[in-house]
Amino acid sequence: MTDILMPKATAVWMVDNTSLTFEQIADFCGLHPLEVRGIADGDVARDIRGVDPITGGQLTREELDKAQDNADYRMKAIVSRHAELLKSAKPAPKYTPVSRRQDRPDAIAWFVRNHPEVTDAQISKLLGTTKSTIESVRSRTHWNSANIKPVDPVTLGLVGQLALDDLVSKAADKKNKDDLKKGGGTIQPVEAEPAEPEFVPEARERHVAEPTAASVFGTKD
């Protein structure tokens with residue numbers, strides 16, 4: 001059965017405008033037959049306005065006529081492009097077997113000891129745990145603290161190596177950016193030392209006295 005938009009509103013319209021059975025309406029709309037009966041009795045969806053699935057492009061007139069002529073016939077909905085777009089793209093929550101749930105505190109301890117730059121929110125999302133559990137492991141108030149030992153979550157089979165590497169890399173980059181913001185982030189240029197004066201031979205020669213006859217031939221007694 002194809003999911004349809006506004007199933008209860010569609011059921012309200014079918015109850016009011018067709019001779020379909022409760023079972024046919026329930027099958028098409030994804031509802032329970034008793035819920036459809038409640039709609040007919042006015043106990044359910046009392047304030048919901050009916051929506052025509054034919055004008056809405058979710059059902060053909062031919063399908064409706066076939067169903068009204070044969071109570072055993074089950075209508076087939078038209079695949080709605082809008083219904084496909086409205087479906088959640090998020091993956092289903094990761095289920096961790098009970099046998100592996102006791103490994104989470106070990107993985108948390110590994111993060112706390114080896115990667116303090118990873119935030120509690122990141123650990124919680126990766127391991128499927130809670131922030132309170134992370135804090136209890138960090139503060140050693142966890143009920144099983146005596147048996148908790150840091151173990152790589154990849155070794156425990158809780159996450160893949162690529163996912164772990166990506167998380168650690170992102171956390172490290174964020175910490176570096178935060179550290180730069182807190183410390184002012186600018187490196188002062190180093191002042192150049194004054195250059196040593198250039199040696200000029202001519203300057204030294206100017207201080208040498210001119211030769212005299214006495215200096216050359218000596219003095220006569």
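**Entry 1: E35 and K8**

I began with E35, which forms a salt bridge with K8 in this predicted model. The closest N and O atoms of E35 and K8 are 3.3 Å apart. I then checked where the two residues sit: E35 belongs to helix 3 and K8 to helix 1, so the pair links distant parts of the chain, 27 residues apart.

**Entry 2: helix 1 against helix 3**

Next I looked up how the two helices that carry this pair are arranged. Helix 1 covers residues 7-17 and helix 3 covers residues 33-41. Their axes come within 10 Å and cross at roughly 60 degrees. I therefore wrote down helix 1 and helix 3 as oblique to each other. Their crossing is right-handed. Which residues make the contact? On helix 1 they are K8, A11, V12 and V15, and on helix 3 they are E35, V36, I39 and A40. Sorted by class, this contact has six nonpolar residues, two charged residues and no polar ones.

**Entry 3: other salt bridges**

How many salt bridges does a search of the whole structure find? I got six. A reminder to myself: side chains of opposite charge can pair when their charged atoms come close.

One of the six is the pair R138 and D120, whose side chains meet at 2.8 Å, N to O. R138 is in helix 9 (residues 131-138) and D120 is in helix 8 (residues 120-127). They are 18 residues apart, and this pair also links distant parts of the chain. With 35% relative accessibility, R138 counts as partly exposed, and D120, at 22%, counts as partly exposed as well.

I also found K170 and D166, with side chains meeting in a salt bridge of 3.3 Å, N to O. Both residues lie in helix 11 (residues 161-182), four residues apart, about one turn of the helix. D166 is partly exposed, with a relative accessible area of 40%.

**Entry 4: a closer look at helix 8**

**Entry 5: positive phi without glycine**

In general, most residues other than glycine have a negative phi. M6 is not a glycine, yet its phi is positive, about 50 degrees. I located M6 in the segment before helix 1. R140 is not a glycine either, and its phi is positive at about 60 degrees. Where is R140? I placed R140 in the loop between helix 9 and helix 10. R140 has a relative accessible area of 58%, so I marked R140 as exposed.

Note on methods
Residues numbered from 1 in each chain as written. Predicted model: local features only at pLDDT ≥ 70, side-chain atom pairs only at ≥ 80, totals over all residues. Heavy atoms only, no water. Axes fitted to C-alpha atoms, helices over the stretch in contact; angles between N-to-C directions. Parallel < 35°, antiparallel > 145°, perpendicular 65-115°, else oblique. Left-handed = near helix turned anticlockwise from the far one by under 90°. Contact = heavy atoms within 4.5 Å. Nonpolar A, V, L, I, M, F, W, Y, C, P; charged D, E, K, R; others polar. Salt bridge = Lys/Arg side-chain N within 4 Å of Asp/Glu carboxyl O. Buried < 20%, exposed > 50% of the residue type's maximum accessible area, 1.4 Å probe, protein only.
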